[in-house]
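Here are a few exercises to work through with the model open beside you. Try each one before reading its solution.

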Amino acid sequence: MSGFDLDQLRTLVAVLDAGSLTAAAPKVFLSQSSVSEQMRKLEDRAGQPLLVRGKTGVTATPAGERLLAHARAILALSDEAYRDLRGVALQGELRLFITDYFRPGDVARMLRRLNEQYPQVRLHVTIMKSGAIEAAYERGEIDVGISMSIQERGAPRARAQGALLRREPLLWMAAEGASVPQHDPLPLLVLPETCALRQYVERLLSRRGVPYTVSHVASGVAGLQLAISAGLGVACLNESALAPGIARLHAPGLPALPMVEFRLLPARPGESEFIGLAREAIIKAMA
């Protein structure tokens, strides 16, 4: 029989999006060895290598890039056929709010996939602070929200948690080549006082007895990145906020930082079928 296996195509997409076989495994609910076996069979079916395997992960060969484009289209068509035959339509307007800490590349990819797979969904996307998103969600002003939470050791977890989209560490960051002053207060770059991450960092520095002064307040993550790269001071941001001109700062005097999680806010009681389906579509598009 000619043609490709849908599960193998789905795994290929997960592997190339995640950048490694290990990272892709939980996204397709398989073991790492099963993912490797699926990719071997897919390459046998394709008759040529699809992946370049290295110490830091995997990338696509030219043939892999071509098949990846086909795979996305095939999987989208498969989903559309399923919805059509099951009488499940995804159309309407969706108010989606996303924390500004979430990396823009992932947001752009997710929006592109949603637009390709669900052209009848009209998205209203707003980028804002996690606290404001959670408050607006509680008031029923938005349909779906993606927020960031700090996984502080020993802190109680919220009872209701939505789907986990990404987990990454917080890092101390500074301009490339910068160092922490030995005797002066730490020049701290922050967002406004309502920012939960700023509040956490200031509490942490105070508890550890690290003297600091707020040397610059930016209005958003993009502005904070500019201030860091300009050498105005030191900031705490999630790992994916590293950008050209910004480097991880290794300084013995600075306290260790926890992980953060990006999650969809949990479904509300009585949520409409459309919003529930849209929530599932967003999770798939982020995979």
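**Exercise 1.** Search the whole structure for aromatic pairs, then classify what turns up.

*Solution.* Keep in mind that this is a predicted model. The search across the whole structure gives 1 aromatic pair. Next, check the geometry: the ring centres of Phe102 and Phe262 are 5.0 Å apart, and their planes stand at 85°. Planes over 60 degrees apart count as edge-to-face, so that is the label for Phe102 and Phe262. Phe102 sits in the loop between β3 (92-99) and α5, while Phe262 belongs to strand β11 (residues 259-264), so the pair ties together parts that are 160 residues apart in sequence.

**Exercise 2.** Work out how helix α5 (residues 104-117) and helix α9 (residues 273-286) are arranged.

*Solution.* Start with the axes: those of α5 and α9 come within 9 Å and cross at roughly 125°. Angles of 65 to 115 would be roughly perpendicular and those over 145 roughly antiparallel, so α5 and α9 end up oblique to each other. As for handedness, the crossing of α5 past α9 is right-handed. Now the contact itself: α5 brings Asp106, Arg109, Met110, Arg113 and Leu114, and these meet Ala281, Ile282, Lys284, Ala285 and Met286 of α9. Sorted by class, that contact holds 6 nonpolar and 4 charged residues, with no polar ones.

**Exercise 3.** Do likewise for helix α1 (residues 6-18) and helix α3 (residues 32-46).

*Solution.* The α1 and α3 axes come within 9 Å, crossing at roughly 115°. The roughly perpendicular class covers 65 to 115, so α1 and α3 are roughly perpendicular to each other. The crossing of α1 past α3 is left-handed. On the α1 side you'll find Asp7, Gln8, Leu9, Thr11, Leu12 and Val15, which meet Val35, Gln38, Met39, Lys41 and Leu42 in α3. Tally the classes and you get 6 nonpolar, 3 polar and 2 charged residues.

**Exercise 4.** Describe the span that UniProt lists as "domain: HTH lysR-type".

*Solution.* The unreviewed UniProt entry gives residues 4-61. In the model, the end C-alpha atoms of residues 4-61 lie 18 Å apart. The secondary structure of that span is 55% helix and 14% strand.

Terms used:
Residues numbered from 1 in each chain as written. Predicted model: local features only at pLDDT ≥ 70, side-chain atom pairs only at ≥ 80, totals over all residues. Heavy atoms only, no water. Axes fitted to C-alpha atoms, helices over the stretch in contact; angles between N-to-C directions. Helix = DSSP H or I, 4+ residues; strand = E, 2+ residues; numbered from the N terminus. Parallel < 35°, antiparallel > 145°, perpendicular 65-115°, else oblique. Left-handed = near helix turned anticlockwise from the far one by under 90°. Contact = heavy atoms within 4.5 Å. Nonpolar A, V, L, I, M, F, W, Y, C, P; charged D, E, K, R; others polar. UniProt positions renumbered as here; feature names shortened; annotations may be inferred. Phe/Tyr/Trp six-rings, centres within 6.5 Å; stacked < 30°, edge-to-face > 60°.
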